[in-house]
Amino acid sequence: MFPSNLASSYPTRTCLAKKMVPEKPQTWHTLFKIPVFPPNLLIWIRFLVFGIRSLSTFFANSNSVANTVTNENLNSNTNLNSNTVTNQVTDTNTPKNHHSDRPLTYENLDMVAEILTELMSKYEHDPKILQTMLGYRERVLTRMQDFNRIQPVMVTNSYGTCMVTKPKHKKMTPIFQASYPGSGSEMTRSLIEAITGVRTGEAKRQNDVITVKTHFPTKPSHLKPSAIWNRSMKRVILLLRNPLHAIPSLYNHIYERDNNLPKHSTQAPVHLWEPWRDNNFLRELDLWVDHLEYWLNIFPPQNCHLLMFEALVDNSNGPTEAITLAQFLKSEDGTNEDVIHTAPSSTIPCLWFRSVKVYDKGPTGRMLLRSENSMRPNMYLPPYTTLQLEIASTILNNLYSKYANIPEVARILKHYWENALSRINQSKLS
């Protein structure tokens, strides 16, 4: 054995190991606890950031940047005061609170938000990447809110070019915007405001908005047609969503409220969803049916525009649904002295993308984040028991038979019924 004083002068085996193996250097991933992405994605994001910084430098070195766009199709939009729209990057068009030394224009940020949205769609099945992209996009959308957007702004995305305006109040007789809770009513309000440039309302009668959101009769306190002062409202936009999707969305609202979470931000955990579902499914399904039948019985088909949520959020059908909605909004019904003007049809797909897929500020002034099927990221498909699916299938089939004489209603109900049958088959196989 070594003498005690000699042994103490030699490093132990553990100490030698520590000295021989160099410490792993800290990187920006470990310092900020950011998940490491696939190399090709990181390169892509760095390229994006470099491109935006280059644009910022170009704009900063110029006294002003004027983009002139002339489009004969834009003449019908009352939001435009002339055939030529000029957007200048000046002190009034830069953010009040600077986040960096290099100014970014509203158009720059809108382009970044679009790219991040496309990345979210591409990596929607990877929770880490999806959450990080959501964080990045939220920062971009927050910066977009810093802009004092008084004048119209021309933006371009993968669906075309459109004019972004700040919606205003306008005296008119409004249209009902009816839906069962959890069916995408806020998203629809955003789209209507983008198409018309007129504000929308919620729950109570207003005479300076184009539509008023209502969940009546599901929520008895909301705006209802039977009231004497509402009988001048002759039309309704009836927004429908598959009850097997709308009911879980409603519970997500309840979960966010009970846990003081931002609205449209979080999907409720599955272990909480299942007991709530078992206690409330039959009641909520009955409320969904009552809502549908009430509005179909109150308004004749020519005054009722059916809007299917699943078609509205679909990349292929969504722009067409938005164009059809615009045609209904501007059609004459004899209740308004002023004709309702909408954006030109050629620009509506661009407006649809901004309102349904990415949107910087909702009608209520709060942040909205869109994913493929809702405003919140969905990490799982809310499950149902086989018995619950069979009950839903039977009810939807009965409704389909009842409204077979109204083709548009029958088409939507058939789609929901077939979806329920498909899920029944899947549940039996699993």
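Glu186 and Arg189 both belong to helix H7 (residues 185-196), where three residues, about one turn of the helix, separate them. Helices (H or I, at least four residues) and strands (E, at least two) are DSSP runs, numbered from the N terminus. This is a predicted model, in which local features need pLDDT of at least 70 and side-chain atom pairs count only at pLDDT 80 or more, while totals for chains, interfaces and linings use all residues. Residues are numbered from 1 along each chain as its sequence is written, and side-chain values use heavy atoms, with hydrogens and water left out.

Glu186 and Arg189 form a salt bridge, that is, a side-chain nitrogen of Lys or Arg within 4 Å of a carboxyl oxygen of Asp or Glu. Arg189 also forms a salt bridge with Glu202. Arg189 lies in helix H7 and Glu202 in strand E6 (residues 201-202), so this pair ties together parts that are 13 residues apart in sequence. Glu202 in turn meets Lys213 in a salt bridge. Because Lys213 lies in strand E7 (residues 211-214) and Glu202 in strand E6, that pair ties together parts 11 residues apart in sequence. Through shared partners, Glu186, Arg189, Glu202 and Lys213 are joined into one network. The distances are as follows.

| Salt bridge | Closest N to O distance |
|---|---|
| Glu186 and Arg189 | 3.2 Å |
| Arg189 and Glu202 | 3.3 Å |

Buried means under 20% relative accessible area, exposed over 50%, and partly exposed in between (1.4 Å probe, protein chains only). Arg189, at 3%, is therefore buried, and Lys213 is buried at 7%, whereas Glu202 is partly exposed at 33%. The whole structure holds nine salt bridges.

Strand E8 (residues 236-240) is largely enclosed by the rest of the structure, because five of its five residues are buried. In a regular strand the side chains alternate between the two faces of the sheet. On one side of E8 are Val236, Leu238 and Leu240, and on the other Ile237 and Leu239. Two strands pair if DSSP finds at least two bridges between them. E8 runs parallel to strand E5 (residues 175-179), joined by four bridges, and Gln177 stands opposite Ile237. Five bridges pair E8 with strand E9 (residues 304-308), also in the parallel sense; there Leu306 is the bridge partner of Leu238.

The structure has one disulfide, a pair of cysteine sulfur atoms within 2.5 Å. This disulfide joins Cys162 to Cys350, with 2.1 Å from S to S. Cys162 lies in strand E4 (residues 160-164) and Cys350 in helix H12 (residues 348-357), 188 residues apart. Cys162 is buried at 1%, as is Cys350 at 0%.
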